[in-house]
Amino acid sequence: MWGVLAIERAGDLGPAARRSVRELTLHLALAVENARLLLKERRFAQELEDKVDQATRRLREIDRAKSEFLSVVSHELRTPLTALQGFSELLLERVVPPDRARRYLGHVRTETQRLGRIVTDLLDLSRIEAGRPLELRPERVDLGELIERNVDLFASQHPRHCIEGQVADGLGAVSADRDAVDRMLKNLMSNAVKYSPRGGRVRVAAAVAGDRPDTVELTVEDDGVGIPAEDLPRIFDRYVRIAHPETKAASGLGLGLHVVRSLAEAQGGAVEVESLPGKGSRFRLLLPAAETEI
Ligand code: ADP
């Protein structure tokens with residue numbers, strides 16, 4: 001930084017006066033430099049304080065989200081457990097007519113599956129969070145068989161919905177982990193059912209992706225409540241749940257789609273969504289086609 005000190009005086013400056021002026025100039029320069037340093041120090045301290053404030057706020061948010069998440073998880077685990085306990089006690093302690101016993105066992109199966117899905121999602125999440133690779137073993141997977149099995153399973157559990165599956169003629173296999181594809185499909189199908197609470201159609205289909213011949217698309221479509229356009233970019237983030245008056249009672253951890261996306265991407269695939277509020281949603285899972293067998 002440069003500074004100029006101008007002194008006006010008629011006539012010449014004597015040597016003593018010159019010395020004093022030089023001295024004065026040095027002092028002034030030092031004072032200016034000190035003031036500049038002080039300002040810099042204050043700005044730095046302020047920036048530091050802002051950063052610490054921000055970090056503290058973020059930590060508090062994470063802490064709150066974690067406590068909320070734990071209470072939601074406990075609730076989500078307790079609901080199926082209570083049902084399992086109730087139905088098994090009924091079956092053990094009372095004489096129940098066979099048709100009713102069968103119905104109870106149906107509930108026991110549904111709740112066990114629900115519990116299984118929650119635990120698997122949590123395990124997948126903990127791997128994703130820890131940056132550990134998801135355990136995936138790619139093999140040739142026939143989507144037709146997988147779709148048929150899940151359509152039958154969901155149709156038997158959700159009689160209010162009309163659940164249909166369709167596979168394009170001559171569709172080849174995909175190269176993916178069978179269990180992971182099953183988990184992704186179950187997650188998408190259970191959402192399709194959950195977010196169309198008044199019943200309706202759920203369509204599952206598989207075909208070669210129109211825009212990518214080396215990719216197979218597995219679509220799950222419903223005519224449920226749909227998702228507002230402004231929320232679409234966030235629904236694959238973890239813990240994100242979109243409030244909707246019709247699906248207030250729907251339980252969930254906001255993890256399903258996050259896990260679906262992570263599993264899809266870990267296998268060289270992707271997941272996309274189109275949705276219109278009040279009309280329904282269409283999720284498109286893209287998976288690499290397996291090489292044709294010779
Ligand atoms: P969860 O179902 O446990 O809330 P997900 O990660 O599976 O968590 O879904 C995140 C959010 O995306 C849901 O809370 C819901 O608002 C929205 N969503 C997902 N699938 C559908 C669907 N088929 N129709 C309407 N909304 C959906």
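How many residues surround the ligand, and which are the closest? In this predicted model, 19 residues surround the ligand, and the closest are Asn191, Tyr195, Asp222, Arg241 and Leu257; a residue is counted when one of its heavy atoms lies within 4 Å of the molecule.

**View 1. The shell around the ligand.** The shell divides into ten nonpolar, six polar and three charged residues, where Ala, Val, Leu, Ile, Met, Phe, Trp, Tyr, Cys and Pro count as nonpolar, Asp, Glu, Lys and Arg as charged, and the others, Gly among them, as polar. Residues are numbered from 1 along each chain as its sequence is written, and side-chain values use heavy atoms, with hydrogens and water left out. Local features need pLDDT of at least 70 and side-chain atom pairs count only at pLDDT 80 or more, whereas totals for chains, interfaces and linings use all residues.

View 2. A polar side-chain atom of Tyr195 lies 2.7 Å from an oxygen atom of the ligand. Backbone atoms also take part: a polar one of Leu253 is 2.9 Å from a ligand oxygen, and an N or O atom of the Gly254 backbone lies 2.9 Å from an oxygen of the ligand. Taken alone the ligand exposes 530 Å², of which the protein buries 97%, with accessible areas taken from the Shrake-Rupley method with a 1.4 Å probe.

View 3. Arg201 forms a salt bridge with Glu164, and their closest N and O atoms are 3.1 Å apart; the term requires a side-chain nitrogen of Lys or Arg within 4 Å of a carboxyl oxygen of Asp or Glu. This pair links distant parts of the chain, 37 residues apart, with Arg201 in strand β4 (residues 200-208) and Glu164 in strand β2 (residues 161-167), strands being DSSP runs (E) of at least two residues.

Note on methods. Polar contact = N/O pair within 3.5 Å; in protein donor to acceptor, adjacent residues only side chain to side chain. Helix = DSSP H or I, 4+ residues; strand = E, 2+ residues; numbered from the N terminus.
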